[in-house]
Amino acid sequence: MSRYVGAKLRITRRLGPLPGFCKKQTRRTYVPGEHGYRAGPTKGGGGRGAAARGNVTLAGKRLLSKQQLLYNYGLRERQLRAYVKASSSRSSTMLKEAGSSIIDVVLEALDRRLDTVVYRALSTTSIRAARQIVSHGHVKVNSVPVTIPSYSCQTTDTVEIKKAIVEQRGTKARQSQIAASSPKEDSDKFESYRVATLRDAKKPRLNKTLIAEFYSRLL
């Protein structure tokens, strides 16, 4: 799928709340479409597409679960497939020892993306807004400018964001999350955050089993 630029509330009504995609809420409690109101109200004010109409197949449920993950992180299908293949390269023994599934490994990798880290630090309206901040050159990682949103951060990394962006786009983090400022000349223009101290981003209610079944042919 290509990157979605259409109406966001239409997607959240169909797939349910997606914190990384859109924080807006709608008063309409039925799924979108000409006959969506016939499905009746849905829980939490967010629709579940064909599932709300009661005529969805197992393959349809797998597709809806996968779309929740794609839209929440703003990824393309090819990108998510690459994450799944990279996660499946780990041996099953390592996954059993960690007590996690392949989808857990995928979610961990997605949370380490630079755009997701900026989203967690600034509490921006969406991961897409955080991606724009990164691509416009307002972010540094360990004092090195990085403009690649998919850059994988480590827990020991320090992410620096321009103070002007912090004041415009988000709220300042707690003092425990702010790292020591850099002694360089431009240190007063950036706000530093340690990745390890950032709060976890809110995630949608994902059915990891259905997502794993959807990509089972790749594993």
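This is a predicted model: local features need pLDDT of at least 70, side-chain atom pairs count only at pLDDT 80 or more; totals for chains, interfaces and linings use all residues.
Let me begin with the helices. Two packed helices are described by the angle between their axes and the distance between the axes. Here, helix α7, residues 114–122, packs with helix α8, residues 127–135, at an angle of about 110 degrees, and their axes are 8 Å apart. Helix α7 is therefore roughly perpendicular to α8. On the α7 side, the contact involves Leu114, Asp115, Thr116, Val118, Tyr119 and Leu122; on the α8 side, Ile127, Ala130, Arg131, Ile133 and Val134. Of the residues in this contact, eight are nonpolar, one is polar and two are charged.

I turn now to the salt bridges, of which the whole structure contains seven. One of them joins Glu77 to Lys66, with the closest N and O atoms 3.0 Å apart. This pair links distant parts of the chain, as Glu77 lies in helix α4, residues 77–88, and Lys66 in helix α3, residues 58–73. Glu77 is buried, at a relative accessible area of 13%, and Lys66 is buried as well, at 7%.

Glu77 also meets Arg81 in a salt bridge, at 3.1 Å from N to O. These two residues are separated by about one helical turn, because they stand four residues apart in helix α4. Arg81 is partly exposed, with a relative accessible area of 27%.

A further salt bridge brings together Lys208 and Asp104, at 2.5 Å from N to O. Lys208 belongs to helix α10 and Asp104 to helix α6, 104 residues apart. Lys208 is partly exposed at 36% relative accessibility, and Asp104 is partly exposed at 23%.

Finally, shared partners join Lys66, Glu77 and Arg81 into one network of salt bridges.

How values were computed:
Residues are numbered from 1 along each chain as its sequence is written. Side-chain values use heavy atoms; hydrogens and water are left out. Axes are lines fitted to C-alpha atoms, for helices over the stretch in contact, and angles run from 0 to 180 degrees between N-to-C directions. Angles under 35 degrees count as roughly parallel, over 145 as roughly antiparallel, 65 to 115 as roughly perpendicular and the rest as oblique. Contact means heavy atoms within 4.5 Å. Ala, Val, Leu, Ile, Met, Phe, Trp, Tyr, Cys and Pro count as nonpolar, Asp, Glu, Lys and Arg as charged, and the others, Gly among them, as polar. A salt bridge is a side-chain nitrogen of Lys or Arg within 4 Å of a carboxyl oxygen of Asp or Glu. Buried means under 20% relative accessible area, exposed over 50%, partly exposed in between (1.4 Å probe, protein chains only).
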